[in-house]
Amino acid sequence: MTRQLGEIWVYLSATPLLGLTVTLLAYLLAYRLYERVRFNPLANPVAVAVVLLVLLLTVARTPYSTYFEGAQFVHFLLARDGGAGAPAVRPACQAEALWLPLTLGLTAGVVTAIVSAVGIAWALGASRQTLLSLAPKSVTTPIAMGIAEKIGGLPSLTAVFVILTGMTGAIIARPLLNALGIGAHPTRGFAVGVAAHGIGTARAFQVSEEMGAFAGLAMGLTALLTAFIAPWLAPWLVDLAQ
């Protein structure tokens, strides 16, 4: 029986759609777990799905290149979406009235994210390529990978940093904002969107539609501003540090 299952897996692994199928199944299982634990940020479905896929490929001894032949369809859709999928903010008049503090907060958040990431990693002795890979960690994955590739970082390493950043933001945002006495949903949502991109935005929508809308707005604007700032700020910081 084990031999037959092995032969079946060898046959299926040669089909391009296997990667797409196992990716969708892994995410479905991960999301079910996410629901069972009442949407605890520690059980983020993206991270859990990645762990499940790594375990499956390791146990089955399937090369990543074979898996990616099918999974590239998901990668293509992700790249098409980018920051354009950010939801529109329903209370437009409220966002217009807050344009100055939102603009200042956005700029401060983007610059702080880049400077702090590069500075902390440099203090810990990270290599130049790692520093450049860290710089765009606070924006959505396809844009972050594109920025990393342009400035000399490793896109695959950047993708890992992006997921870790989103998970960390989703976990600590609520207690941190509570400790700071920030209760307004537009402010909380915008802060989460700037710091924790899509994962934080998904978490914000679970709290309220208003918070999620402002988080989505922040996620899109953060990606746009980072794409302009990171290519010159990150290399300059790295050169300055070294």
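Analyst: His 197 counts as buried, with a relative accessibility of 4%. Buried means under 20% relative accessible area, exposed means over 50%, and partly exposed lies in between (1.4 Å probe, protein chains only). This is a predicted model, where local features need pLDDT of at least 70, side-chain atom pairs count only at pLDDT 80 or more, and totals for chains, interfaces and linings use all residues. Residues are numbered from 1 along each chain as its sequence is written, and side-chain values use heavy atoms, with hydrogens and water left out.

User: What else is noted about His 197?

Analyst: His 197 lies in helix H10. Its phi is near 40°, a positive value in a residue other than glycine.

User: How do you know how many helices and strands the protein chain has?

Analyst: Helices and strands are DSSP runs, numbered from the N terminus (helices: H or I, at least four residues; strands: E, at least two). By that rule the protein chain has 11 helices and zero strands. Along the sequence the pattern reads α-α-α-α-α-α-α-α-α-α-α.

User: Why is Ser 138 called buried?

Analyst: Ser 138 has 7% relative accessibility, so it counts as buried. It sits in the loop between H7 and H8.

User: Which residues is Ser 138 in contact with, leaving aside neighbours within four places in sequence?

Analyst: Contact means heavy atoms within 4.5 Å. Ser 138 is in contact with Ala 113, Thr 165, Val 194, Ala 195, His 197 and Thr 222, leaving aside its neighbours within four places in sequence.

User: What joins the side chains of Ser 138 and Lys 137?

Analyst: A polar contact of 3.1 Å joins them. The term needs a pair of N or O atoms within 3.5 Å; within protein, one must be able to donate a hydrogen and the other to accept it, and residues adjacent in sequence count only if both atoms are side-chain atoms. Here the contact is between side chains.

User: Is Gly 169 buried or exposed?

Analyst: Gly 169 is buried, because its relative accessible area is 14%. Gly 169 is found in helix H9, residues 155–179. Gly 169 and Ser 138 are 31 residues apart in sequence and 9.6 Å apart in space, C-alpha to C-alpha.

User: What makes a set of residues a nonpolar core?

Analyst: A nonpolar core is a set of buried Ala, Val, Leu, Ile, Met, Phe, Trp, Tyr and Cys residues joined through side-chain atoms within 4.5 Å. The largest one here has 24 residues, and those with the most contacts inside it are Ile 114, Ala 135, Ile 151, Phe 190 and Ala 234. H11 gives the largest share, eight residues. Another core, of six residues, lies apart from it; Val 22, Ala 26, Ala 30 and Leu 53 are among them. In soluble globular proteins, nonpolar side chains tend to be buried together.

User: Which residues does Ile 114 touch, not counting those up to four places away in sequence?

Analyst: Not counting residues up to four places away in sequence, Ile 114 touches Ala 135, Thr 226, Ile 229, Ala 230, Leu 233, Ala 234 and Leu 237.

User: Why is the pair Arg 32 and Glu 35 called a salt bridge?

Analyst: A salt bridge is a side-chain nitrogen of Lys or Arg within 4 Å of a carboxyl oxygen of Asp or Glu. The side chains of Arg 32 and Glu 35 meet at 3.4 Å, N to O, and form a salt bridge. They are three residues apart in helix H2 (residues 17–36), so about one helical turn separates them. Arg 32, at 49% relative accessibility, counts as partly exposed. Glu 35, at 33%, also counts as partly exposed.

User: How many salt bridges does the structure hold?

Analyst: It holds two. Asp 239 also forms a salt bridge with Arg 128, with the closest N and O atoms 2.7 Å apart. This pair links distant parts of the chain: Asp 239 is in helix H11 and Arg 128 in helix H7, 111 residues apart. Asp 239 is partly exposed at 46% relative accessibility, and Arg 128 is partly exposed at 34%.
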